[in-house]
Amino acid sequence: MRKIITIGREFGAGGGEIGKRLSKELGIPYYDKDIILKTAMANRKLNPEQVRRWDEKVPGSFGFAQSLFDFYNKPLDEELWRAQKDAIRELANKESCVIVGRNGDYILREFDHCLNVFVHAGFQWRVKRMAGMMPETPLEQVVADVKAADKARKKYCAYYTGKTYGDARNFDLTVNTEKLGIEKAVGLILSAAEKI
């Protein structure tokens, strides 16, 4: 039977790292930005470079103009959202996998072989973690980037799903990496995934 694990995450909380470790432990594919490239290839109207730039952005008309690396201010075409949903559903229908981001929990909400996880941590912990990963970046910039990413993800989630970003009711399991650490979070998710 297929196992799908979706991971929503706060920027800097380690969701991507956790997803990669889960993928390796379970021997199943990992999708994050790769899913966007699959989407672009599945829908020939979408240019792969544009798709990369539009990744998880709120439409410009939604009122958000500046954020992480000036990345979130590109308009997201509704066609991209539809193509992304279709690609995620197609993957979930054909293979076990780990999907990080992309509102996978919402897109696959009716799938019964899906474990929806949200990874979070305190703001200062996330800033410290990201600063450690980007030592050449000034701390003020890291703080601004984390705030901007949080704001953009909240707006993106609200705009496309009508849900509140990070709301525990949207997930089967939430893990606080500040309290648990990455290793223990991976263990808890693996244990929960045994039940699906």
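Start by selecting Gly15, Ile18, Gly19, Leu22 and Ser23 in helix H1: these residues are buried, where buried means under 20% relative accessible area, exposed over 50% and partly exposed in between, with a 1.4 Å probe and protein chains only. Helices (H or I, at least four residues) and strands (E, at least two) are DSSP runs, numbered from the N terminus.

A note before moving on: this is a predicted model, in which local features need pLDDT of at least 70 and side-chain atom pairs count only at pLDDT 80 or more, while totals for chains, interfaces and linings use all residues. Residues are numbered from 1 along each chain as its sequence is written, and side-chain values use heavy atoms, with hydrogens and water left out.

Now turn the view to look down the axis of H1.

What do the buried residues of H1 pack against? Color E1, strand E2 (30-31), E3, E4 and H8 to see their partners. Just past the end of H1, click on glycine 27, which has a positive phi of about 65°.

Next, show the largest nonpolar core, which has 20 residues. A nonpolar core is a set of buried Ala, Val, Leu, Ile, Met, Phe, Trp, Tyr and Cys residues joined through side-chain atoms within 4.5 Å. Ile5, Ile7, Ile18, Leu22, Val98, Val117 and Ile189 have the most contacts inside this core. At least two of its residues come from each of strand E1 (4-9), helix H1 (15-26), strand E3 (97-100), strand E4 (114-120) and helix H8 (177-193). H8 gives the most, with 6 residues.

Zoom in on valine 98. Skipping its neighbours within four places in sequence, valine 98 is in contact (heavy atoms within 4.5 Å) with Ile5, Ile7, Gly19, Leu22, Ser23, Ile28, Pro29, Tyr30 and Tyr31. Apart from that core lies another, of 17 residues, including Ile35, Ile99, Tyr106 and Leu108.

Finally, zoom out to the whole protein. Its secondary structure comes to 8 helices and 5 strands, and the elements run β-α-β-α-α-α-β-α-β-α-α-β-α from the N terminus. Of the 196 residues, 50% count as buried.
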